[in-house]
Amino acid sequence: MRGNTTLDEVLLHGLPAEEFARIEAILGRSPNPVELGIFAAMWSEHCSYKSSKVWLKTLPSNGHQVICGPGENAGVVDIGGGEAVVFKMESHNHPSFIEPFQGAATGVGGILRDVFTMGARPVALLDSLRFGAPEDARTRYLLGQVVAGIGFYGNCVGVPTVGGECGFDPAYNGNILVNAMCVGLARSDRIFYSKASGAGNLVVYLGAKTGRDGIHGATMASAEFGAEPGAQRPAVQVGDPFTEKLLLEACLELMERGAILAIQDMGAAGLTSSAVEMAGKGGLGIELDLDRVPLRESGMSAYEIMLSESQERMLMILSPQKESEARRIFEKWELDFAVVGRLTEKGRLLLRFAGEVTADIPIGPLVGEAPFYRRPLLSRALEPEIDPGALPQRDPLLSLERLLGSPDLSSKRWIWEQYDHLVQGNTVKRPGGDAAVIRVSPSGKALALASDSTPRYCRADPFRGGMQAVAESWRNLSAVGALPLALTDCLNFGNPERPEVMGEFAGAVEGMGEACRALDYPVVSGNVSFYNETEGKAILPTPVIGGVGLLADAARAVDLALKGEGHALFLLGDSRGHLGASLYLAVVEGQKAGPPPQVDLAREKRNGDFVRKEIASGSIVACHDLADGGFLVALAEMAIAGGVGAVLDPFPPELTPTQFLFGEDQGRYLVEIAKPEAFAAAAAAAGVSASRVATTRGAALTLPGGDAISIAALKERNEAWVKEFMSEG
């Protein structure tokens, strides 16, 4: 089995000379093209995490509620009563920039499979989207096609898309971000894993047929774009949500019968990664007969079969005694079921095709000796603090209108109304609030779900930005009354071989870890997406946090909508008027300056615990966490959601009006209270700063001097931008 690999083939696969030399040393010879492709896929950044795992290991992943942390298809957390929540977030950035409809659609399909592979029925989807500047020529097209792809796949499979976020910045002009999150429910005593066991057991191929779509997908996701990213269009997969639905139901039916020994989604690197990872985790070998793999196209080579990323496929380990039962179930669902190999004790990946051995590789080194880099890193100095006194004094209501009508803060109703967010009939709190709420039990038990990131903070200070992303996720869950359980992440960065990018990544992960430990909010799954840049221009550092929280009773959940006249509005948390890296500074003043706000994790914990307690008692009737745009934006969003106005109390004298109204200090909530005296006493007893700032009244927001703007005008301004942008041209 001597190889005949050329230098051009090595370069095509993105392998550095030292990695190729390591492969030759492992094999004792030069690899043939099939073996080279397998090594390149398994040692790619996308599959091996070779630049990130030294930092990922520092994140906390344990907790009394954690059943399964990182390393499997998805994380698993106990929610009591014999039930578990299974969830993960992943990126599909490069494919979605090249072919936005299919890239986004197959991103949804892949994350669904990650969850139901574990034995869970998917109950919710979320997404986090980042696009380039609105004036960029491709932004409108990309936004429309990505949203259409997400809606198409999720709607057809019948899983509600209940939340997410969408932002714009010129840094994403050449590399958009499409991160998808899926949440499922499973029995806590029936979780399925990918670790293969039992030499002699069958390796079974399930689902759709294999085609040529998606070849080189893993290696494409591990390289930055050049001038013509469209040239990589063949590496984008094509999805079929109707086949995915059949695959989901067939897998769950077989799982109910306890027949499956191990199962793995064929995701990045397709049959290669699923076969190698399953055998590697079990310390076994695997032999595959590629002539038995169901093919969609004639004339496919062994290389193409092993590296295809065709969608809606799984690999399963099954005992021979269960073959007929499993085959009957999959044939009932009209899906391919093919025994393509067996597990062995030899510890090698052996491939046969057309009567020849086409690959013979030791699995241990393939999975255990992937390169491991501690990349050099460079940390930027913090920018000086903003002097609020140097900012011009502007009309607060005109500034509010500009903020609410800006691309980042404008209502994303146009987006989420294209998603079916009510299918399955369990959506309690719909998109548009701090967190979605999904009922998961007849008793009323519910999950709260949110996705969060503030890339402009991470640009200014990756450490604070990573910390803030975790804290905001924790706040968003607390703001609806849910106890935050755990998180998944999707860490989107530029080229890790550049020290400044590695500095951003390391700083963000360190900040995330500190927040997770302080808030008892472990990381149970996630994804790293590097090389998000085009011709050397990187995206903003964008760590996205997907949070999951638990409510004992969905009926106790609150939302941000103001509920009635004459209620008191309290601002919880300390206001120092921080304007550095704020949205006010960017939108109104056109500046990107200053460090992001400090995150006091002890105060975050104290304030969030108090908010959840008061929501559970019924004293808080509406709640909204303060984030982008600060206090006045949060109040406007609450007023728009409820159709109820408010009259503001005098501003605190120690802050300028701009600082008080638009500062982005962390750890704060705005709450609506029907019985203010009792609430103020409870806050004082809990050591929580609580200031009465307004009273609900009328149909306008009225400032202390009498200036006012109607809620109708604010709503019109807030909902106009996306609709108008997508209707242009």
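Modeller: Terms before details: two strands pair if DSSP finds at least two bridges between them. Strands (E, at least two residues) and helices (H or I, at least four) are DSSP runs, numbered from the N terminus. This is a predicted model, where local features need pLDDT of at least 70, side-chain atom pairs count only at pLDDT 80 or more, and totals for chains, interfaces and linings use all residues. Residues are numbered from 1 along each chain as its sequence is written, and side-chain values use heavy atoms, with hydrogens and water left out.

Biologist: How do E24 and E26 run, and how many bridges join them?

Modeller: Strand E24 (residues 646-648) and strand E26 (residues 690-696) are antiparallel, joined by 3 bridges. Leu 648 stands opposite Ala 694 of E26.

Biologist: What order do the strands of the open sheet have?

Modeller: The order is E23-E25-E22-E26-E24-E27-E28, 7 strands with mixed pairing. E23 (620-625) and E28 (708-710) each have a single partner strand, so one side of each is left without a neighbour in the sheet. The twist averages 25° from one strand to the next; axes are lines fitted to C-alpha atoms, for helices over the stretch in contact, and angles run from 0 to 180 degrees between N-to-C directions.

Biologist: Which helix packs on the sheet?

Modeller: Helix H21 (residues 601-617), which touches E22 (568-572), E23 and E25 (669-673), contact being heavy atoms within 4.5 Å. The direction of H21 makes about 150° with that of E23.

Biologist: Now rings. How many aromatic pairs?

Modeller: The count is 13. Rings of Phe, Tyr and Trp (its six-membered ring) pair if their centres lie within 6.5 Å; planes under 30 degrees apart are stacked, over 60 edge-to-face, the rest tilted. Phe 101 and Phe 152 have centres 5.4 Å apart and planes at 40°, so that pair is tilted. Phe 101 is in helix H7 (residues 100-116) and Phe 152 in helix H8 (residues 139-157), so the pair ties together parts 51 residues apart in sequence.

Biologist: And how are Tyr 584 and Phe 662 arranged?

Modeller: Their centres are 4.9 Å apart and their planes at 20°, so the pair is stacked. Tyr 584 is buried at 1% relative accessible area, and Phe 662 is buried, also at 1%. Buried means under 20%, exposed over 50%, partly exposed in between (1.4 Å probe, protein chains only).

Biologist: Which charged end sits over the ring of Phe 725?

Modeller: That of Arg 140, 4.6 Å from the ring centre. The rule wants NZ of Lys or CZ of Arg within 6 Å of the centre and within 35 degrees of the ring normal.
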